[in-house]
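Reader: I want to learn how to read a model like this one. Can we take it feature by feature?

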Amino acid sequence: MTVKFNYDKTALKNIAEFLVKKNEVRVGILSNQWSDSKSAEARDREIGPVELACVHEFGSAKRKIPARSFFRKTMLNRRDDFISLISRMRSRILLQIAQGQGRAVLAKVGAQWVGYVIETFQAQGPGWAPLKPATIARRRPVWTGKYIVNEKGRSVREKKPSEKILWVTGALANSVNFEVKEG
């Protein structure tokens with residue numbers, strides 16, 4: 001009895017090349033420039049997103065700012081979810097790598113982690129120290145997404161200072177990005 005194996009040499013070559021390279025996905029705030037012009041103008045003389053992220057990630061005793069980790073917290077909270085996702089998608093991932101789409105696989109990993117970090121911002125941690133009333137009072141009023149009836153009986157946008165932690169303009173969260181580095 002003869003056993004015959006058929007295999008795709010190109011697929012094997014693609015897998016081998018992918019595994020040999022030192023590929024990586026970097027997720028974080030990868031530039032110290034604000035991503036939109038409005039944020040850049042408003043913060044022209046202030047710190048960039050990398051410095052601001054460090055202040056909030058680790059806190060500042062000097063400025064009395066508590067640590068509100070969005071990178072480390074996300075890693076702790078979503079690690080098992082990500083491992084489970086990769087486990088479920090294992091066959092599809094291997095097929096894409098075999099088809100020479102390793103970069104696309106890594107880009108999906110990066111996008112997934114950016115999504116996880118944004119969810120941490122939206123969920124306010126969880127576990128982040130609440131804002132102090134004085135901090136909220138210093139904020140300018142923004143539209144709450146609701147309409148109210150004013151004293152003249154007209155429907156107007158309700159505006160209040162945002163109580164969202166690390167999310168006044170969304171500029172810090174919008175600075176979170178990823179890049180794929182192929183070795």
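Author: Start with the aromatic rings. This is a predicted model, and it holds seven aromatic pairs.

Reader: How are the rings of F70 and F121 placed?

Author: Look at two things, the distance between centres and the angle between planes. Planes under 30 degrees apart count as stacked, over 60 as edge-to-face, and the rest as tilted. For F70 and F121 the centres are 4.6 Å apart and the planes stand at 40°, so this pair is tilted.

Reader: Which parts of the chain does that pair tie together?

Author: F70 sits in the loop between α3 (49-58) and α4 (71-88), while F121 belongs to helix α6 (residues 102-122). The pair therefore links parts that lie 51 residues apart in sequence. F70 and F121 are both buried.

Reader: And what kind of pair do W113 and Y116 make?

Author: Their ring centres are 4.9 Å apart and their planes meet at 90°, so the pair is edge-to-face. W113 and Y116 are three residues apart in α6, about one helical turn.

Reader: Why does a spacing of three or four places matter in an α-helix?

Author: An α-helix has 3.6 residues a turn, so residues three or four places apart point the same way. Back to the case: W113 and Y116 are both buried.

Reader: Which residues do ring pairs link into a cluster?

Author: The cluster is made of F70, F71, F121, W128 and W167.

Reader: Now a helix. Which residues of α5 are buried?

Author: Check the relative accessible area; buried means under 20%. In α5 (residues 90-98), I93, Q96, I97 and A98 are buried. Next, find their partners. The buried residues of α5 pack against α1, α4 and α6. Then look at the residue that follows the helix.

Reader: Is F58 buried or exposed?

Author: The cut-off for exposed is over 50%. F58, in helix α3, has 54% relative accessibility, so F58 counts as exposed.

Reader: What does F58 touch?

Author: Set aside residues up to four places away in sequence; F58 then touches A67 and R72. F58 and A129 are 71 residues apart along the chain, and their C-alpha atoms are separated by 13 Å.

Reader: Let us step back. What pattern does the protein chain follow?

Author: List the elements in order. The chain has eight helices and four strands. Along the sequence they run α-β-α-α-α-α-α-α-β-β-α-β.

Reader: What is the radius of gyration of the protein chain?

Author: Set the value beside that of a compact globule. For 183 residues, such a globule would be near 16 Å; this chain has 23 Å. Its C-alpha atoms fill a box of roughly 90 × 45 × 30 Å along the principal axes.

Reader: What share of the residues is buried?

Author: Buried residues are 30% of the 183. The accessible surface is about 13000 Å², and carbon and sulfur atoms account for 54% of that.

Reader: And what about contacts along the sequence?

Author: Take contacts between residues at least 6 apart in sequence. Of these, 66% join residues at least 24 apart.

Key:
Residues are numbered from 1 along each chain as its sequence is written. This is a predicted model: local features need pLDDT of at least 70, side-chain atom pairs count only at pLDDT 80 or more; totals for chains, interfaces and linings use all residues. Side-chain values use heavy atoms; hydrogens and water are left out. Helices (H or I, at least four residues) and strands (E, at least two) are DSSP runs, numbered from the N terminus. The radius of gyration is taken over C-alpha atoms; the globule rule is 2.2 Å times the number of residues to the power 0.38. Buried means under 20% relative accessible area, exposed over 50%, partly exposed in between (1.4 Å probe, protein chains only). Contact means heavy atoms within 4.5 Å. Accessible areas come from the Shrake-Rupley method with a 1.4 Å probe; for residues, only the protein chains shown count as cover. Rings of Phe, Tyr and Trp (its six-membered ring) pair if their centres lie within 6.5 Å; planes under 30 degrees apart count as stacked, over 60 as edge-to-face and the rest as tilted.
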